[in-house]
Amino acid sequence: MALYEFEGKKPKIPSDSFVHPNAALIGDVQLGHECLIAPGVSIRADFGPVIIGDRSSIQDNAVIHVYPGSQSIVENDVTVAHSVILHDVHIKARCMIGIGAIVLFNVICEEDVFVSAGSLVPRGMNIPSGKVVAGNPAKITRDVTEKDRQAAKDGIEAYRYLCRQYLATMRSVT
Ligand SMILES: CC(C)(COP(=O)(O)OP(=O)(O)OC[C@H]1O[C@@H](n2cnc3c(N)ncnc32)[C@H](O)[C@@H]1OP(=O)(O)O)[C@@H](O)C(=O)NCCC(=O)NCCS
């Protein structure tokens, strides 16, 4: 695993979470249980802490960073899809951050929010619980449906399965 101590702070990774060797986790990173951190992810907790809850997945090439004096929090059961950028955010439980979304400074996503693929969520936006947002700048487009909630839940379970399988079977092949 590419884990790096910075200014005396080391990433804390429980043994039941999977971090791909090509992800870089630096400094004050705290990861929950049954998380999957995919290849190419950069979690750079040099200016401040990055806290990730249980059963959350951070997918390929996602970037999480913080400004000095700030923090980024991703709570439990959150999907952070491929190439997402999160900066000084608070993403609450069961949110789904779609592929390529950019979520900027001091944004709060309350529980069960869907951020559509490719959205830019502007500085300071507080997205109420159970809303879908889309676009640049992102606007609320509708309520999250029961079908959306189920899809998000299925996604979390799929990534918990992948986490277990990666821990058990992934080997470097030369
Ligand atoms: C959030 C999401 C599920 C909503 O999809 P949907 O139910 O098909 O879309 P809606 O019916 O809510 O669409 C509402 C409007 O937003 C538009 N829209 C949908 N997705 C959009 C997007 N990503 N960006 C901008 N606009 C979008 C639709 O075209 C529609 O516009 P219209 O009213 O002018 O026709 C989907 O947009 C999305 O981004 N899914 C994320 C997929 C993903 O990244 N998964 C992670 C895989 S690991």
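Strands β18 (131–134) and β19 (139–143) each supply at least two residues of the shell around the ligand. Here, helices (H or I, at least four residues) and strands (E, at least two) are DSSP runs, numbered from the N terminus. Residues are numbered from 1 along each chain as its sequence is written. This is a predicted model, in which local features need pLDDT of at least 70, side-chain atom pairs count only at pLDDT 80 or more, and totals for chains, interfaces and linings use all residues.

**The ligand shell**

Of the 14 residues around the ligand, Ala-81, Gly-98, Ile-99, Ser-116 and Ala-117 come nearest. A residue is near a molecule or strand if its C-beta atom, placed from the backbone, lies within 6 Å of it. By class, the shell has six nonpolar, seven polar and one charged residues. In this scheme Ala, Val, Leu, Ile, Met, Phe, Trp, Tyr, Cys and Pro count as nonpolar, Asp, Glu, Lys and Arg as charged, and the others, Gly among them, as polar.

**The open sheet**

Eight strands form an open sheet with mixed pairing, in the order β2-β4-β6-β9-β12-β15-β18-β19. Its edge strands, β2 (18–19) and β19, each pair on one side only. Two strands pair if DSSP finds at least two bridges between them. Strand β15 (residues 114–115) runs parallel to β18 and is joined to it by two bridges; Val-115 stands opposite Val-133 in β18. By contrast, β18 and β19 pair in the antiparallel sense over four bridges, and Val-132 stands opposite Arg-142 in β19. These two strands form a hairpin with four residues between them, and Gly-135 in the turn has a positive phi of about 100 degrees.

**Pairings of β5**

Strand β5 (residues 42–52) takes part in the parallel pairings below.

| Partner of β5 | Bridges | Facing residues |
|---|---|---|
| β3 (residues 24–31) | seven bridges | Ile-26 and Arg-44 |
| β7 (residues 63–65) | three bridges | Ile-43 and Ile-64 |
| β8 (residues 72–74) | three bridges | Ile-51 and Ile-73 |

**The nonpolar core**

The largest nonpolar core has 50 residues, and those with the most contacts inside it are Ile-37, Val-80, Ile-91, Ile-97, Val-103, Val-115 and Val-121. Such a core is a set of buried Ala, Val, Leu, Ile, Met, Phe, Trp, Tyr and Cys residues joined through C-beta atoms within 7 Å. A residue is buried if 20 or more other C-beta atoms, placed from the backbone, lie within 10 Å of its own. Not counting residues up to four places away in sequence, Val-103 touches Ile-85, Leu-86, Val-89, Ile-97, Val-115 and Val-121. Two residues are in contact if their C-beta atoms, placed from the backbone, lie within 7 Å.

Technical notes. Buried ≥ 20, exposed ≤ 12 C-beta atoms within 10 Å, placed from the backbone.
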